[in-house]
Amino acid sequence: MPFAKVDDMKLWDGHKQLGKRWVKFCAKYFNSSRSKNHSKNRWYSASLKKFVSNEFGPDAYDPCDKKNGKREASQRY
């Protein structure tokens with residue numbers, strides 16, 4: 001089942017509140033209708049980054065994990 005705009009908004013809002021706790025996130029925001037892997041893959045997808053850029057501006061998606069200050073594996077040097 002593809003993600004709709006409303007699903008992307010849930011993903012954006014949920015990630016801001018819960019961070020990368022994918023199991024809790026899916027249970028709370030998607031009533032477990034989407035797997036943690038499906039949600040996580042969407043979070044890291046180019047499609048979501050494009051959606052976020054269009055909705056919130058080009059600098060809104062920050063690959064840095066605010067909780068521990070580490071960058072994603074693809075952003076490490």
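Predicted model: local features only at pLDDT ≥ 70, side-chain atom pairs only at ≥ 80, totals over all residues.
Proline 2 touches Asp7 and Arg34, leaving out residues up to four places away in sequence. Proline 2 belongs to the segment before helix α1, which spans residues 5-18. With a relative accessible area of 69%, proline 2 is exposed, since exposed means over 50%.

**Overall architecture**

The protein chain contains 4 helices and 0 strands. Read from the N terminus, the order of its elements is α-α-α-α. Of the 77 residues in the protein chain, 36% are buried. The chain exposes about 5300 Å², and carbon and sulfur atoms supply 50% of that area. Among contacts between residues at least 6 apart in sequence, 43% join residues at least 24 apart.

**The nonpolar core**

The largest nonpolar core has 14 residues. Within this core, the residues with the most contacts are Leu11, Phe25, Trp43, Leu48 and Val52. Helices α1, α2 (22-29) and α4 (46-56) each supply at least two residues of the core. Which helix gives the most to this core? It is α2, with 4 residues. Valine 52, already named among the residues with the most contacts inside the core, is in contact with Trp12, Gly57, Ala60 and Tyr61 when its neighbours within four places in sequence are left aside.

**Salt bridges**

How many salt bridges does the count come to? The count comes to 3 salt bridges.

| Pair | N to O distance |
|---|---|
| Glutamate 55 and lysine 5 | 3.1 Å |
| Arginine 34 and aspartate 7 | 2.9 Å |
| Aspartate 8 and arginine 42 | 2.8 Å |

Consider the pair formed by glutamate 55 and lysine 5. This pair links distant parts of the chain, with glutamate 55 in helix α4 and lysine 5 in helix α1, 50 residues apart. Lysine 5 is exposed, because its relative accessible area is 51% and exposed means over 50%.

In another pair, the side chains of arginine 34 and aspartate 7 meet in a salt bridge. Arginine 34 lies in the loop between α2 and α3 (36-43), whereas aspartate 7 lies in helix α1, so the pair ties together parts that are 27 residues apart in sequence. Arginine 34 counts as buried because its relative accessibility is 5%, and aspartate 7 counts as buried because its relative accessibility is 11%; the cut-off for buried is under 20%. Asp7 and Arg34 are also the residues that proline 2 touches.

The remaining pair consists of aspartate 8 and arginine 42, whose side chains meet in a salt bridge. This pair links distant parts of the chain as well: aspartate 8 is in helix α1 and arginine 42 in helix α3, 34 residues apart. Aspartate 8 counts as buried because its relative accessibility is 4%. Arginine 42 is buried because its relative accessible area is 16%, and buried means under 20%.

Notes
Residues numbered from 1 in each chain as written. Heavy atoms only, no water. Buried < 20%, exposed > 50% of the residue type's maximum accessible area, 1.4 Å probe, protein only. Contact = heavy atoms within 4.5 Å. Areas by Shrake-Rupley, 256 points an atom, 1.4 Å probe, with all protein chains shown as cover. Core = buried A, V, L, I, M, F, W, Y, C linked by side-chain atoms within 4.5 Å. Salt bridge = Lys/Arg side-chain N within 4 Å of Asp/Glu carboxyl O.
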